[in-house]
Amino acid sequence: MLKNYIKIAIRSLMKNSVYSFINIAGLAVGIACSILILLWVNDETSYDKFQPKYNRLYQVWTNAYFDGKINSWISVPQPLKNALQEEISDIKNATISEWGGTHLLTVGDMKLNKRGYFVSSEFLEMFEFPLLKGSAETVLDEPYSIVLTESAAKNLFGDEDPINKIIRLDSDADVKVTGVMKDIPTNSSFEFDYLVPFSLMLATQEWAKNAENNWGNSSFQVFVELPEGTSKAQVDQKIKSILMEKGDDDDDSFKKELFLHPMKDWRLRSTFENGVATGGMIDYVNLFSIIAVFILIIACINFMNLATARSEKRAREVGIRKSVGSKRQELIFQFLGESLLIAFISFVLALILVEGTLPFYNDLVEKQLYIPYLTPQFWVFALVIISVTGLLSGSYPALYLSSFSAVKVLKGKIQVGKSASIPRQVLVVLQFGFSIILIVGTIVIYYQIQHVKSRDLGYNQENLISVQYNDELRENYDIIKKELLRTGVVEAVTRSNSPITEIWSNNFLGWPGKPEDLRVIFSTVATEYDYTKTMGIKMLMGRDFSEDFKSDSSAIIINKAGLDLMNLENPIGTKLDLWGGERELIGVVDNTLMGSPFRAVSPLFMVFDPEWISSVSIRLSRTNDLKGSISKVEEVFKKLNPAYPFEYDFADVEFSKKFTTIDLIGKLANLFAFLALLITGLGLFGLAAFTAEQRTKEIGIRKVLGASVITVVVMISRDFTKLVLVAFVIAAPIAWHFLDSFLDRYPIRIAIPWWTFPLAGCLALIMAVGIVSLQAYKAAIDNPVKSLRSE
């Protein structure tokens with residue numbers, strides 16, 4: 001019996017090859033899209049799951065109550081780590097770290113800039129990155145030691161055994177290689193090339209040593225491991241008041257509470273609003289999971305529509321089979337078997353499509369995705385997707401076809417096409433509704449991206465580069481600056497505690513008339529001379545720091561957002577309270593977009609502090625030979641900063657990286673919206689072709705009675721046009737609701753343009769009318785004699 005069912009299914013596919021192709025192609029593209037989306041979703045949700053203690057690791061965050069809201073940040077004081085270990089029995093282990101940034105590793109003539117962390121010895125006991133050489137319990141015990149990743153060790157030592165070899169870390173210290181670990185997985189929240197002991201930072205960096213017992217300096221990250229069975233909630237309750245109890249008396253004017261942020265949420269739920277995790281990458285994961293379901297449903301609707309539309313072709317088969325004793329259950333089983341066969345073939349073709357497009361897709365999403373054929377999860381997924389797709393697309397046709405009465409069918413008294421028209425129309429409306437929502441979504445996302453990218457930056461990105469600060473550069477900075485200006489290709493040079501595209505410090509600032517209960521955090525820039533000139537920032541009032549004023553070491557400059565907050569009538573000369581002392585306000589600069597481009601510019605102040613430096617910024621002169629200008633700058637650095645390789649970043653390139661995620665979302669939305677429309681159009685093509693075929697005799701009679709080709713085309717297209725219009729009426733408010741909710745996560749957002757809805761509706765209508773009209777035209781130009789000769 002099963003063999004017979006398979007034969008019938010294959011014969012049916014071959015007999016109706018055009019419609020079989022449309023069904024299989026539509027399902028294959030739909031399944032391929034879903035697989036590509038789910039590969040990305042799976043990668044995003046797999047972050048850090050390779051860690052054996054994944055469910056027991058947490059980062060300690062701070063909730064600070066000021067400025068009328070709860071502000072959340074990851075930085076905590078250095079003494080917190082020991083306090084948690086000693087005073088909280090529910091914490092099994094704790095480690096402290098500080099992002100060391102990029103540092104120079106030197107072995108002989110080999111000089112490489114690599115990323116690394118300063119971490120305490122417990123780090124590798126808690127985060128179990130596999131070690132190829134060395135023991136996790138001891139590799140970080142010695143202060144002057146280093147643990148390399150496999151790639152970093154290969155770059156520095158080639159095939160030699162790196163253990164006990166000496167590496168020069170910047171110009172601060174010689175460290176001994178005590179361990180080598182496997183390269184960090186791409187789906188890890190930690191990204192580094194090496195680890196060095198936290199004790200090394202205390203021994204070589206004075207600011208870190210001074211912060212060892214300072215509860216007011218929140219510049220570090222602390223992670224904890226909880227025992228099995230210990231809940232986050234009970235530990236949160238025990239640790240939340242530690243900062244208020246341990247903090248300095250002059251730093252308790254606002255409430256601060258600690259809480260644990262679980263590792264499972266580091267990637268997906270990293271955005272906090274008023275002390276609550278409100279989203280992050282999980283928003284995009286959910287969005288594209290929904291799109292994957294939409295696309296699969298659209299593909300299944302194609303199958304349903306074509307199967308029920310062609311039901312008249314199989315009505316006699318059903319009648320005959322019932323008349324010779326077939327039960328309805330057997331017919332349902334047969335028709336579901338056919339749909340499962342189509343789903344299986346489509347799935348195989350989908351895998352071929354995915355394998356063919358994965359290299360391009362990986363370039364788009366900047367990942368190394370692959371189909372995990374060797375895992376049982378994949379084959380479970382394959383079985384589920386084939387079963388769900390086959391049953392979903394085949395259930396309605398199977399139930400519908402098997403319901404025919406054998407007597408009525410064989411007597412020709414049943415008009416199956418008309419009886420199935422209403423469900424088909426509902427499915428077409430649903431299909432086009434999904435498509436219209438996707439079209440509106442792609443348009444709105446595009447304009448949101450462009451809106452943010454077109455914001456006034458408040459500085460000039462053109463020909464602005466930054467170079468990371470180092471010890472040698474600190475010693476020779478004045479000479480290097482003079483030499484750069486003498487090259488003729490440099491307009492200005494300055495240095496600061498962060499590049500123009502980043503904010504690395506935030507502090508509180510007081511001013512005359514400030515309410516006592518108001519605490520506002522200001523972005524902080526530490527710099528020296530020529531900052532505004534180099535960056536191209538406009539001075540609105542007063543002046544920049546100048547060598548002509550020795551008192552500028554105690555001066556301060558604020559931005560327009562800060563001035564608006566302070567509401568000072570005559571700001572220049574005003575004394576502002578900072579770090580327990582007074583600073584004279586000497587200037588006001590225009591708002592400069594340094595932080596997130598999706599948020600309003602925060603209040604900012606600038607102080608003169610040549611010792612608090614992390615970056616050198618260089619303004620190149622306008623030129624048609626930018627490469628030549630860079631070469632001249634490089635010559636100066638090679639001459640006066642020879643210990644370090646010359647590496648630089650363009651400000652516009654670094655700023656564009658802030659849009660990496662939303663640009664990716666926009667590209668993926670465009671891609672899958674296009675493919676969803678392709679699948680919809682493919683199904684509509686088949687349905688229109690069948691409709692034209694079904695009405696061949698009617699068209700012939702109308703042409704004999706004088707109907708023109710245009711009249712026939714309009715007649716056939718009219719029904720589909722109505723369906724698209726109904727879909728638009730239903731989809732438009734749904735699209736507006738979801739997109740408005742999506743945009744609400746961005747403080748800087750567009751109002752959804754009203755014209756996006758009629759535009760999406762028109763695009764869907766044009767596509768539908770174009771496809772249907774093509775089939776109608778082909779039917780209308782046929783000779784009516786061919787369709788009426790048997791009448």
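User: How is "buried" defined for a residue, and is Ser 629 buried or exposed?
Analyst: Buried means under 20% relative accessible area, exposed over 50%, and partly exposed in between, with a 1.4 Å probe and protein chains only. This is a predicted model, in which local features need pLDDT of at least 70, side-chain atom pairs count only at pLDDT 80 or more, and totals for chains, interfaces and linings use all residues. Residues are numbered from 1 along each chain as its sequence is written, and side-chain values use heavy atoms, with hydrogens and water left out. Because its relative accessible area is 4%, Ser 629 is buried.

User: Which residues does Ser 629 touch, not counting residues up to four places away in sequence?
Analyst: Ser 629 belongs to helix H20, residues 626-640; helices are DSSP runs of H or I with at least four residues, numbered from the N terminus. With contact taken as heavy atoms within 4.5 Å, and residues up to four places away in sequence not counted, Ser 629 touches Val 489 and Thr 623.

User: How far apart in space are Ile 282 and Leu 268, C-alpha to C-alpha?
Analyst: Ile 282 lies in helix H10, residues 281-309, and counts as buried because its relative accessibility is 12%. Leu 268 and Arg 269 are touched by Ile 282, not counting residues up to four places away in sequence. Ile 282 and Leu 268 are 14 residues apart in sequence, and their C-alpha to C-alpha separation is 4.6 Å.

User: Is Leu 763 buried or partly exposed?
Analyst: Leu 763 has its place in helix H25. Since its relative accessible area is 41%, Leu 763 is partly exposed.

How values were computed. Helix = DSSP H or I, 4+ residues; strand = E, 2+ residues; numbered from the N terminus.
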